[in-house]
Each structure stands twice: as structure tokens, then as C-alpha cells.
Amino acid sequence: MCKAASLTAATDATGGGAAGSIYEKLILTNSGSAPCILEGFAGVSLTADANGEPIGEPATRETTTPVTKIELAPGKSAWAEIRYTQAGNYGDCTKVAAAGFRIYPPNDTASLFIPEPHDACSNAGIKLLTITAFQAV
């Protein structure tokens, strides 16, 4: 399985936005020297800094995209779609500045950090993020 130690993470915001949401590709690239398998969903949360605790609710899995087993050769990538719903859409949101995304690759307890400022909601129950299963590039 692909582990955080042999992956790099980035986002690509070419997905655009609609109705108060932003769609981005979460791209994981095998930076190791051996092939690895990426299968399933990343854990994604907004966080205050690279080592901070998650703010608010983690991403909800968007299950309309089928889970596939992807073999990533060194230097190859796979992507999943993150939907970020703007915190201002929720009148009961207690806004907190987030420095970026904490990303847990599927079946891994180690994480990666992508610096990308957003507003988060610190109160429970407001789900700003969804994530799809990884797809081959």
C-alpha cells in the first residue's frame, strides 16, 4: 500500500466552483523508489497548521465514484476530488482560519499537509468537505 512517507500531495483547482463550493483535484504522487498500491479514500480535514489538530468535521466520502486498485509506479500520480463548501454558506458556522488540508492516504495513519488557507467551522455537525475515491491519472 502507498504510505505517506513515499507520497507527495498537491491540489489542482482547475475543477472550478458552483453554488458556494470549490472543486479541486487532490493529487498523490509516488515519490518512492518502488511501485505501491493506492485504493480507496483519503482522510481529509482542515487544520490550523502543518502539525495541528483537525478543525471541524473531516471530509465525507462521496461514494458515487467506484473504488479501484491503482498501482502507482515511481513518479506516477492518482487523484480524487475534494469539494470544499464555503463556510460562509452556514449561518451557524463558528469560523476559524485553517492553514490547509491534512491528508491521510488510504489505510495509513501518517499524514501529509497541503498549505491552502480556507475558513473552517469549528463547531461539530457542519460538513464542509467531501472526497471521492482515487482515480488513475
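This is a predicted model: local features need pLDDT of at least 70, side-chain atom pairs count only at pLDDT 80 or more; totals for chains, interfaces and linings use all residues.

A search of the whole structure turns up two disulfides. Number the bonded cysteines in sequence order and the pairing reads 1-2, 3-4.

| Pair | S to S distance |
|---|---|
| Cys2 and Cys36 | 2.0 Å |
| Cys93 and Cys121 | 2.0 Å |

Let's take Cys2 and Cys36 to begin with. The torsion about their S-S bond is about 90 degrees, so this disulfide is right-handed. The bond ties together distant parts of the chain: Cys2 lies in the segment before β1 (7–12), while Cys36 belongs to strand β4 (residues 36–39), and the two are 34 residues apart. Are these cysteines buried or exposed? Cys2 is buried, with a relative accessible area of 1%, and Cys36 is buried too, at 8%. Both values fall under the 20% cut-off for buried.

Now for Cys93 and Cys121. Here the S-S torsion is about -110 degrees, so the disulfide is left-handed. This pair also links distant parts of the chain, with Cys93 in the loop between β9 (77–85) and β10 (95–104) and Cys121 in strand β11 (residues 112–121), 28 residues apart.

To wrap up, the Cys2 and Cys36 bond is right-handed, whereas the one joining Cys93 to Cys121 is left-handed.

Technical notes: Residues are numbered from 1 along each chain as its sequence is written. Side-chain values use heavy atoms; hydrogens and water are left out. A disulfide is a pair of cysteine sulfur atoms within 2.5 Å. Helices (H or I, at least four residues) and strands (E, at least two) are DSSP runs, numbered from the N terminus. Buried means under 20% relative accessible area, exposed over 50%, partly exposed in between (1.4 Å probe, protein chains only).
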